[in-house]
Structure formats: C-alpha cells, structure tokens
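Work through the exercises below with the sequence and the model open. Each task is followed by a solution in steps.

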Amino acid sequence: MGEGDRHELLGKGAEDATVAENVIGDGNCSYRVVADFVFSDEHQWPKVHRGMLYELELSKNLYVNLMGSEERVNELVHRINWLVMDLRRMRIEERHFIQLQLNDMCLIPPSHVQWIHHRSEWVSNWADSYQHRIADWNARVSRNRK
C-alpha cells in the first residue's frame, strides 16, 4: 500500500496510525478486521459474527442496562443478522473497516461515558495512563470544528 493510499484511508489521522490490514470490502469488513486480529485470518469472520450474537444473548441483561432497553438490544441483534443475510441484495455504502497499527504516541479519543460503569476492574486505571493523549485529541477536535 502506497503513502497516498494510506492518507486516503486515514484522512486527517494519517500521522497517528498506519494501515495494518485492508481486508476484503464485502460488507463483512468489520468482522473481518476482528477475525484478522484475533485469528490472523480474515476468512474466520463468521466465528466473530456468531461470537457477537452469542455474547449479546449470554450477557443480555448487561447490554440492556448499557443500551437502555431490551428493544434496543433486540434491534441490534436483528441488524447484525440482517447484515449478513442480506449482503447480496444491498448496495454496500462507502464505509470500510481497516485494521490500524497505532503509532506509539498517537492521540486517543475519550472512551464512551458509560465505559466507567461497565468496565472490568483490571482496566480501571487505563484512562489515567492516557490523559495527556486524550486531552490532545480533544484539542485537535476542537480546532477542527472552528
């Protein structure tokens, strides 16, 4: 992948990361990126898809609490199933997931506001380690909005 391709895929964040893997863009690219990272094989994406559905079913109460209602969780399950079943009939939007290798001092966006309530205890100090990088991210976003 050339430097021009890198900048085209990453846009304004090109200095913070490099493209580690540009998976097949068939509508399953989000699953493919995770499969490539976890299994070193993007073709294992059905395992990731099934695993997501299993996790949503197994921990449904957690996701109901996180998302606000059982209806929203059921809607998510429906969308995940629909995406895989109807890929051949839908036009794939110009969205594509890629695997990134973050540079050592890249900027980091803040985590979701609900993260603090649902995180594992072993990651409770994570944000403290990256506060300066999160602050720099927020400053960049603020500058770009002006």
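**Exercise 1. Overall content**

How many helices and strands are there in the chain?

Solution. The model is a predicted one, in which local features need pLDDT of at least 70 and side-chain atom pairs count only at pLDDT 80 or more, while totals for chains, interfaces and linings use all residues. Residues are numbered from 1 along each chain as its sequence is written, and side-chain values use heavy atoms, with hydrogens and water left out.

Step 1. Take helices as DSSP runs of H or I with at least four residues, and strands as runs of E with at least two, numbered from the N terminus. The chain then has 8 helices and 2 strands.

Step 2. Along the sequence these elements follow the pattern α-β-α-α-α-α-β-α-α-α.

Step 3. Call a residue buried under 20% relative accessible area, exposed over 50% and partly exposed in between, with a 1.4 Å probe and protein chains only. Of the 146 residues in the chain, 27% are buried.

Step 4. Contact means heavy atoms within 4.5 Å. Among contacts between residues at least 6 apart in sequence, 58% join residues at least 24 apart.

**Exercise 2. Helix H3**

Find which residues of H3 are buried, and where they lie around the axis.

Solution. Step 1. Check the length against the expected span, which is 1.5 Å times one less than the number of residues. H3 covers residues 45-58, and its 14 residues should span 20 Å; the end C-alpha atoms are 20 Å apart, in agreement.

Step 1. The buried residues of H3 are Trp 45, Val 48, His 49, Leu 53 and Leu 56. They lie on the same side of H3, because they cover an arc of only 135° around the axis; the arc is that of the directions from the helix axis to the C-beta atoms.

Step 2. On the face of H3 turned away from the buried side are the exposed residues Arg 50, Tyr 54, Glu 57 and Leu 58.

**Exercise 3. Helix H8 and Ile 108**

Which residues of H8 are buried, and which residues does Ile 108 contact beyond four places in sequence?

Solution. Step 1. H8 has 15 residues, 131-145, and reaches 21 Å from its first C-alpha to its last, close to the expected 21 Å.

Step 1. The buried residues of H8 are Arg 133, Ile 134 and Arg 140. They cover an arc of only 120° around the axis, so they are on the same side of H8.

Step 2. The buried residues of H8 pack against helix H7, 126-129. The face turned away from the buried side carries the exposed residues Arg 143 and Arg 145.

Step 3. Ile 108 lies in the loop between strand E2 (99-102) and helix H6 (115-118). Ile 108 counts as buried because its relative accessibility is 12%.

Step 4. Leaving aside neighbours within four places in sequence, Ile 108 is in contact with Trp 126, Tyr 130, Arg 133, Ile 134 and Trp 137. Ile 108 and Asn 138 are 30 residues apart in sequence, and their C-alpha atoms are 8.8 Å apart.

**Exercise 4. Cysteines**

How many disulfides does the structure hold?

Solution. Step 1. A disulfide is a pair of cysteine sulfur atoms within 2.5 Å. The structure holds 0 disulfides.

Step 1. Cys 29 counts as buried, at 5% relative accessibility. Cys 106 is buried with a relative accessible area of 2%.
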